[in-house]
Each structure stands twice: as structure tokens, then as C-alpha cells.
Amino acid sequence: MKNQDLVEYLRSCGVCEICQLRYLKARGAEYRNINETLQKLDVKLNECVETEQLVVSAENQPAKRARMGVCSTCLGLFSNDFQNELLSSILASDFAKYDCQKIVLAICLPMSLQLRQLAMWFALRRRFGAPIDESNPPDVPIKEAVKLILHPIICEKLDKGYDANGLMINIDLTHNLEDEEVEKLVKLNKEAFPAKASHQKRIEISRGLLEKQYQPSKVKAETFEKYFQIPCSNVEESIKLTSIDLQGPLVCVAGRYRKLSRELSHTPWILNGKRLMEESIEEIIIRHVGPHFTEKLGKITFMSSGREDVDVRCLGKGRPFVLEIPNAIRSCLSKEEALAMERAVDASGMVSIHNLQVVPREELTHIKTGEEQKKKFYRALCALQEPVSVKIVEQLQISKSFDIQQKTPIRVLHRRPLHTRPRTIYSVNARVQRGNPKALIIDIVTQAGTYIKELVHGEFGRTTPSLSSIIGKPIDIQALDVVGIDLDWPNEVDNSLQEE
Ligand SMILES: [Zn+2]
């Protein structure tokens with residue numbers, strides 16, 4: 001089979017030059033200069049057709065309409081007209097709202113296109129026989145060709161790079177023959193795969209199935225031909241754009257927060273339909289960081305490595321957190337912008353954040369897993385009913401780890417099931433508070449998930465042993481701070497050190 005014969009046959013079937021190159025298995029840049037590639041492949045140029053050039057640098061001059069009409073295999077997908085329509089539709093969408101350097105096209109092609117590739121496959125086998133394999137497509141498949149041809153052109157014209165995680169431009173295409181042809185396809189499917197079709201109530205033919213099952217090795221040409229023409233019929237109308245939908249990337253912004261207030265909940269605190277506190281850590285952070293990335297603050301997910309009670313502060317280096325922001329309009333955050341956000345949150349006086357940065361999505365595993373294994377560092381202010389004795393201080397110097405059994409505290413039973421959990425206490429270190437002989441400051445290192453208040457007072461024996469049972473006297477916990485969280489993530493960045 002000579003290239004010349006193949007191309008002449010394709011021309012006679014109304015196949016466009018780009019598709020001719022697909023059948024010549026051209027690669028990447030070979031689609032840029034059609035004539036040069038055809039000549040390289042020993043194909044004489046077709047003088048009776050004014051060639052439709054796919055030259056990226058071409059100004060938006062009125063596209064030269066090819067005299068041959070709509071390509072019977074790509075339905076005009078690779079024509080200049082379609083490219084121009086696609087570009088102007090993208091520019092007319094919310095595209096300008098997105099401040100993203102990278103894009104990715106997700107094109108939903110009508111099934112008619114796939115059926116036409118198959119019709120041409122049958123036609124080529126009839127015409128050229130054995131050189132056309134029955135299970136390997138004779139062309140560069142449309143989906144791949146879209147990546148090779150349309151992607152680079154659209155990226156270049158929009159002046160954007162390509163990245164699978166960039167701004168996703170979802171493009172829906174249709175063709176006026178689509179409904180009619182899908183109907184025929186359902187009938188063909190029953191005939192070609194009777195066994196499968198018989199136990200399917202509703203026949204759903206997906207693009208994936210079409211790709212896998214519909215090959216000359218699996219469907220007879222004679223069966224196919226009862227429903228579709230071989231080679232495919234010429235069409236009047238080209239493919240149509242039905243919608244363009246933009247989907248910005250999922251951006252993850254991480255940092256560490258310090259909770260400075262004993263009257264601040266982690267997330268909005270609503271009890272019996274009534275809001276209990278005006279503010280929450282989640283809301284304060286989202287309010288100041290979110291608008292840079294999205295208009296829809298309600299879509300942002302706030303996650304942190306554990307949490308503290310309303311009346312517990314979190315000090316030291318703070319607690320790692322991350323915001324998951326879907327459909328973001330931008331994915332960058334300069335140090336200057338990050339610093340301004342940190343300062344705005346700090347101005348709340350209730351929460352302070354630092355190390356604010358955009359992190360790769362994969363790093364979220366740090367915050368989502370291993371929670372149970374982490375160590376937590378606390379400082380508790382406790383009161384005894386009597387002055388603290390030397391013996392009590394000594395009893396509360398524990399450097400060797402020990403296990404406790406802890407029943408779910410009564411105060412959280414309304415939202416957590418009743419269990420008895422073993423927890424490890426790594427160390428306890430108490431000292432008398434200066435100026436207050438009945439008060440103890442106790443540093444405690446525990447396994448994550450330990451209820452500290454109950455560890456201190458024992459909750460009527462629901463936690464054993466407890467610090468109270470160890471000294472044999474009641475202890476009341478008056479204030480609690482988290483002073484450290486055993487997670488070295490995200491990286492430390494000082495946003496006040498501005499780049500040059
Ligand atoms: Zn074509």
C-alpha cells in the first residue's frame with residue numbers, strides 16, 4: 001500500500017488533509033506544515049483543493065474555506081473554522097477571570113466521530129486488505145490527535161502552558177447526526193453482541209465501550225453496514241460547540257495557626273439550630289485567605305491536624321492546617337500576599353497564622369493520616385483544694401510512659417460513641433505556680449486523641465489511672481493550652497522575608 005494510493009482514496013472519501021495525515025500516522029509537529037509533511041511522505045499535493053493550512057502564526061484572517069466541505073471523518077474538528085470558533089468561545093467565557101498560567105482541554109466528542117473512524121477502518125480494509133490490521137486502528141485516534149493538534153494550537157494562541165492540573169477547559173461538542181446515529185448504534189449493538197445485550201435492561205453504550213468493542217476484529221463489516229455507510233457518508237454540517245465550562249485547579253493552602261482565645265470554636269458551633277459563638281478559627285482564616293483564590297468561600301474545606309476545645313488555646317509553633325480550594329481562579333501566592341493575609345488574620349486578635357503557603361495536593365496525606373500516632377504537648381493550669389506538697393510534685397514527675405484506659409467523656413457522648421480506649425501518656429511534669437501554693441502547672445505529653453481534662457481529674461473513675469488517682473486527691477483543671485504538635489509540616493516559611 002503506497003502512501004499516494006492511501007491519500008488518493010481518502011481524498012475521494014472527503015477526508016480532510018489533517019485526517020489524511022492521521023492516516024499516514026504523522027506525529028506532533030508534522031501536523032504544522034501539511035504540504036511539507038505530505039511531500040516528505042511521498043504524496044503528491046492535491047492541486048484541485050486549496051490547502052487549508054494549520055499555521056499557528058497565521059493572523060486571524062478570514063479562514064480560507066476549503067472547497068471540499070466538511071471532512072467526513074473528523075466532521076470539521078480539525079478545521080480552521082472550528083479552531084477559531086473554539087478560541088473565540090473560550091475568550092468569551094469566564095476565561096479572563098482565571099489567573100492561571102497552565103491549562104488543559106477536556107473535550108467531550110460526539111460518538112458519531114468514533115463511528116466514522118470505524119466506518120473508515122472497514123473501508124480501508126476492503127480497499128487495501130491485509131496491510132490494514134483488524135485490531136489496530138489505521139489512524140492516529142481522534143482523541144490522541146486532539147492532544148497532538150488542537151492542544152498545542154489553543155495553548156499557543158491563549159499564551160498558556162499545558163498542565164494536566166491546570167485550568168480545565170471542558171468543551172462539549174455535538175453533531176446534528178449524533179442522536180440518529182446513537183439510535184442506530186443501539187440496534188447495531190444488539191445484533192453485534194446479542195449475548196451481552198440480552199441481559200442488559202437498558203443499553204448504555206459508552207465511549208469507552210465503543211473504543212474497546214468496536215473494531216473489525218469484533219464486529220463484522222456486514223453487520224455494521226446494515227446501520228452505517230462504509231465508507232462514511234458525507235455531511236453538510238460540521239461539529240458544533242454546545243458548551244464551554246471552566247474548572248479552575250484545586251489549590252491547597254497550608255500553614256500553622258495559633259489559637260489565642262479561650263472563647264473561640266474550631267468550626268462554626270451550632271447547637272440545636274442556634275449559633276453559640278460569633279467566630280470560629282475556620283471562618284477567620286477562610287475570610288482572609290479565601291478571596292484571593294475564589295469567590296465561593298463556602299466551597300473551601302478547612303482541615304487541621306486535630307483540634308482543640310473551645311476554651312483551650314493552641315500556642316507554641318501552632319497547629320498545621322490546610323484549606324482545600326476547588327475551582328480556584330489562581331494557584332499562586334506570593335510571599336507579599338501571604339504576609340498580608342497572615343497580618344489580617346492576626347488582627348482578629350483571636351487567631352494567628354504563619355508559614356502560609358501553597359502546597360502540592362499530595363502533601364495533604366500528612367494532615368489526613370497518622371493522626372493516632374502523633375504526640376501532643378499540653379500545659380495545664382490545675383488547682384488543688386490544699387497547698388501542693390513536695391510529695392505531690394514528686395508523684396507528678398513521670399518520665400516513663402504509661403497507659404491509661406479512657407471512657408468517652410460524658411461531655412462528648414452526644415456526638416461520639418461510648419468506648420473505652422487505651423491511650424499512652426509519655427510524660428508528666430508538674431511544678432507549683434509561683435505566687436499560688438494551691439496551683440500546679442503541669443506539662444503533659446500524650447498520644448493524640450487523649451482527653452486531657454479527664455486525664456487530670458479522672459471523671460469519677462471513667463479515666464484510670466488519672467493524675468487525680470495518682471496523687472489520691474481531687475484536682476481541678478482551670479486552663480489548658482496545646483503547646484506543641486508533633487507534625488513537621490508544612491515547611492517553615494517566613495513570609496516577612498520578601499524576595500528581592
Ligand atoms: Zn478531518
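Q: Which residues does Pro216 touch, not counting residues up to four places away in sequence?
A: This is a predicted model, in which local features need pLDDT of at least 70, side-chain atom pairs count only at pLDDT 80 or more, and totals for chains, interfaces and linings use all residues. Residues are numbered from 1 along each chain as its sequence is written, and side-chain values use heavy atoms, without hydrogens and water. Pro216 is in the loop between helix 9 (207-213) and helix 10 (221-225); helices (H or I, at least four residues) and strands (E, at least two) are DSSP runs, numbered from the N terminus. With contact taken as heavy atoms within 4.5 Å, the residues touched by Pro216 are Leu118, Trp121, Phe122, Arg125 and Glu134.

Q: Does Pro216 count as buried or exposed?
A: Buried means under 20% relative accessible area, exposed over 50%, and partly exposed in between, with a 1.4 Å probe and protein chains only. Pro216 has 12% relative accessibility, so the residue counts as buried.

Q: What is the arc within which the buried residues of helix 4 fall, seen down its axis?
A: The buried residues of helix 4 are Asn80, Phe82, Gln83, Leu86, Leu87 and Ile90. They line one face of the helix, because their directions from the axis, taken to the C-beta atoms, fall within an arc of 165°.

Q: How many of the 18 residues of helix 5 are buried?
A: The expected span of a helix is 1.5 Å times one less than its number of residues. For helix 5 (residues 111-128) that gives 26 Å, which agrees with its end C-alpha atoms being 26 Å apart. Helix 5 is mostly covered, and the number of its residues that are buried is 14.

Q: How many residues apart are Asp99 and Arg330?
A: Their side chains meet in a salt bridge (3.1 Å, N to O), the term for a side-chain nitrogen of Lys or Arg within 4 Å of a carboxyl oxygen of Asp or Glu. Asp99 lies in the loop between helix 4 and strand 1 (102-108), and Arg330 in the loop between strand 9 (312-325) and helix 12 (335-346). The pair links distant parts of the chain, and the separation in residues is 231.

Q: Which strands hold Asp443 and Arg379?
A: The side chains of Asp443 and Arg379 meet in a salt bridge (2.7 Å, N to O). The pair ties together parts 64 residues apart in sequence, because Asp443 lies in strand 15 and Arg379 in strand 11.
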